[in-house]
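Hi,

Here is the structure I said I would pass on to you.

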Amino acid sequence: MTNSIPEQAQIVIIGGGIVGCSTAYHLTKAGFNDVVLLERKELGCGTTHAAAGLLAQLRQNQEMTNLAKYASELYSKLGDETGVNTGFVRTGAIGVCQTEDRRLEWLRGSAMAKAFGIDMHEISLKEAEDMVPGMSTEGLISAFYLPNDGQVDPIGATQALAKGAKMGGASIIENCKVLDIITKNNEVQGVKTEAGDIKCQYVVNCAGMWARDIGKLVNVSIPLHAAEHMHAITVPIEGLKKHFPTVRDFDGVTYFKEESGGILLGGFEVVAKPWGMKGIPENWKFTELPEDWDQFEVFMECGFERFPALEDAQIRHLAVCAESFTPDNAFMIGEAPGIKNFFVGCGMNSVGIAGSAGVGRALAQWISQGYPEEQLWPVDVRRYFPWQRNDKYLHDRVIESVGILYEHHYPNRQRTTARPVICSPLHDRLKENGACFSQIAGWERADWFAPEGVEPVHKYDWRTPNWLPYQKEEHLAVRHGVGMYDLTSMGNLLVQGKDALAVIQNLCTNNISGTPGAVVYTPVVNERGGFETDITVTTLDEETFFIVTAAGTTIRDLDYIKRRIPETSICTITDVTHGYSMLAIMGPKSRDLMQELTSADMSNEAFPFSTAQEIDIAYARAIAVRMSYVGELGWELYIPSNFSVPVFDAIMEAGKKHGLKLIGMQAVNSLRLETGYRHWESDITPDDNPYEAGLGFGVKLDKGDFIGKEALAEQKQKPLTRKLVMFTLEDTDVMLYGSEPIYRNGEYNGINTSGAYGFEVGSALGMGYLTNPDGITTEWIKEGTYEIVVEGKPRKAILQLSSPYDPKNLRTKM
């Protein structure tokens with residue numbers, strides 16, 4: 001390894017674990033040769049050395065799966081390229097199921113795997129035992145086989161990546177601790193190390209457990225916390241098959257692999273043990289923590305059931321190491337908000353070996369061209385908020401985070417630790433009315449309302465979750481009467497200044513006229529024409545614009561807009577989310593209720609759709625916006641936070657004679673999907689454009705220049721090859737949740753991007769993109785017969801070219 005510190009480099013990578021070395025390797029492959037990797041001690045000495053080396057391929061969506069699949073592809077050939085053995089073996093893997101619910105989850109997973117190009121299929125228990133001599137299937141009901149999963153030697157793979165990076169021109173410097181990051185005007189300028197300063201254009205934070213501290217140097221939130229993570233290795237066991245398929249018993253929270261003739265077993269316990277509250281020792285290098293057999297007991301219990309020979313086998317080593325986990329058990333990648341050219345690749349949640357190749361490649365793409373080849377929002381660092389680096393929050397959440405990987409992945413599964421964090425001013429009122437809360441971006445939101453005598457607790461099920469009948473009542477109340485929901489969690493951004501309109505117009509594809517009181521829905525696209533977000537813009541006055549965006553994307557959108565305000569512009573953007581509560585009053589009877597609450601004229605003539613007014617309500621002045629995300633007549637009320645409770649009480653009192661019903665987020669989602677409204681992240685992403693998504697009405701090519709105009713103009717001239725459509729199911733008892741494969745004429749043709757039950761139309765609802773490289777037309781779409789695979793069974797799907805409910809969107813304009 002290189003020992004001398006250069007005075008400057010184009011890119012400095014902090015951290016020499018497998019992710020840092022992968023990033024260096026892929027940057028050189030992308031054409032960068034002025035790359036310096038700095039490691040505080042020795043390569044792989046932090047967490048990498050303690051990994052089990054498993055390469056699982058299937059992840060929660062196509063993009064994450066592609067990242068994981070690439071690891072097997074790379075590590076199978078990297079040894080030939082570099083001369084360093086990665087230890088890659090394609091062992092395959094077997095997932096076993098102790099419960100029917102787990103089998104249903106794996107059936108859904110296997111259908112998704114097939115769609116993503118992964119061989120995964122159900123096998124008999126006898127076949128599983130034959131593949132893994134010595135494994136007992138007693139107590140199991142099913143097993144699934146993935147023949148192309150593999151294993152790798154973590155240190156061997158790290159050294160091979162490092163060798164490949166050096167062959168490409170990168171410098172790797174060990175025993176060099178980074179002390180600070182130099183910035184100017186919120187842009188990276190260099191790093192300070194124990195051995196001197198390095199000027200650079202980019203910094204990539206791949207520092208593993210130390211990444212949160214590196215982030216603090218530039219005031220960037222990197223929410224991760226270490227927990228003790230462990231595995232045991234036995235002495236050789238007679239009759240054990242060499243390189244038997246990795247066995248994953250999610251219900252027993254344990255995995256098993258062959259290691260030197262014995263069994264290596266470890267897992268992801270439900271209640272984990274946080275570590276590092278007093279910091280990481282300065283001398284940490286290939287360090288292990290004291291053995292904790294009590295903590296390991298849950299894995300041994302599963303081991304005795306799955307491999308009876310373990311009862312008499314001698315454990316030759318119990319390895320306990322510290323490893324970092326994030327609040328949602330997904331890693332972090334991308335350019336951090338607030339600092340230009342500061343990238344991160346960390347928080348790997350014990351899938352660092354499987355994720356390392358894909359993360360390194362994605363970071364290299366991002367730095368090279370300004371974006372990754374595929375949208376990576378589930379792991380984008382911008383999903384996190386500044387408050388999430390709070391020590392106590394991370395400590396309390398990591399207790400649960402470790403076990404997320406192996407838990408039942410039910411739809412709408414909620415976290416139970418580190419709550420509550422952020423409560424709407426109306427939280428207690430909602431709780432008094434039976435709210436069962438879900439959480440997003442730290443916000444407690446009413447998910448559904450339990451009637452008197454019913455405990456407001458989520459009881460998960462793939463087919464009939466306990467909230468379904470109450471969601472149905474709320475859904476139908478909005479369709480036929482009037483309902484109210486609290487969406488205070490929505491992000492509110494205020495753009496102000498003499499040049500604010502010009503800035504907004506440059507960002508938005510729709511025309512923002514600047515007329516006070518106008519409300520405009522608009523896509524915001526990148527230079528390629530793909531969705532960066534979609535927002536509503538309310539013009540408060542000629543120099544003040546009120547943007548509403550989703551709760552989970554507030555930081556992402558704030559950062560995206562802020563970076564695109566020219567330095568010479570007289571324009572500011574401020575996050576005012578916590579300054580307002582938002583109550584939405586929706587349904588065909590909403591006008592009657594609203595008119596009783598205010599002296600303002602709420603008639604269609606005086607208060608048309610897509611307009612806003614400041615109105616009196618109770619003793620407050622609120623911004624009333626006539627828009628809807630549920631497909632009915634209604635208003636969103638933005639109320640100064642301190643006025644919220646009296647306004648809520650006044651609405652509830654007046655609502656008694658109108659049959660007002662409180663509505664939760666489950667019903668809001670099923671209402672929006674029944675009406676065909678899109679959701680950013682699920683249905684529209686940076687890889688999708690407005691014409692494909694059926695949102696071309698939000699693009700005004702004749703309004704003047706804006707970001708993405710050239711790409712959109714070109715796309716409009718070409719025949720579409722992808723189009724977003726909707727489906728209902730012929731079998732009205734089957735549920736859709738999203739990620740189910742769509743088949744056209746018996747061939748895979750897309751994935752269900754969103755799913756919910758449409759209680760008004762009486763069927764599950766799905767939405768997904770159909771693709772035809774030769775051009776997609778209405779005739780081609782109609783000619784097909786469609787099926788959606790649910791729990792391993794193809795279900796006949798009924799095509800809906802527009803939303804099955806109010807396809808012309810007339811009810812919002814009544």
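The chain has 19 helices and 39 strands; these are DSSP runs, with helices being H or I of at least four residues and strands E of at least two, numbered from the N terminus. The radius of gyration, taken over C-alpha atoms, is 27 Å, close to the 28 Å that the globule rule gives for 814 residues, so the chain is as compact as a globular protein of that length. That rule is 2.2 Å times the number of residues to the power 0.38.

Before you go further: this is a predicted model, where local features need pLDDT of at least 70 and side-chain atom pairs count only at pLDDT 80 or more, while totals for chains, interfaces and linings use all residues. Residues are numbered from 1 along each chain as its sequence is written, and side-chain values use heavy atoms, leaving out hydrogens and water.

Along its principal axes, the C-alpha trace spans about 80 × 65 × 55 Å. Of the 814 residues, 61% count as buried, meaning under 20% relative accessible area with a 1.4 Å probe, protein chains only.

Now the cysteines. Taking a disulfide as a pair of cysteine sulfur atoms within 2.5 Å, the count is 0. For Cys21, the nearest cysteine sulfur is that of Cys206, 9.2 Å away. Cys21 is buried, at 0% relative accessible area. Cys571 is in no disulfide either, with the sulfur of Cys508 the nearest at 11 Å; Cys571 also counts as buried, at 12% relative accessibility.

Cheers

Terms used. Buried < 20%, exposed > 50% of the residue type's maximum accessible area, 1.4 Å probe, protein only.
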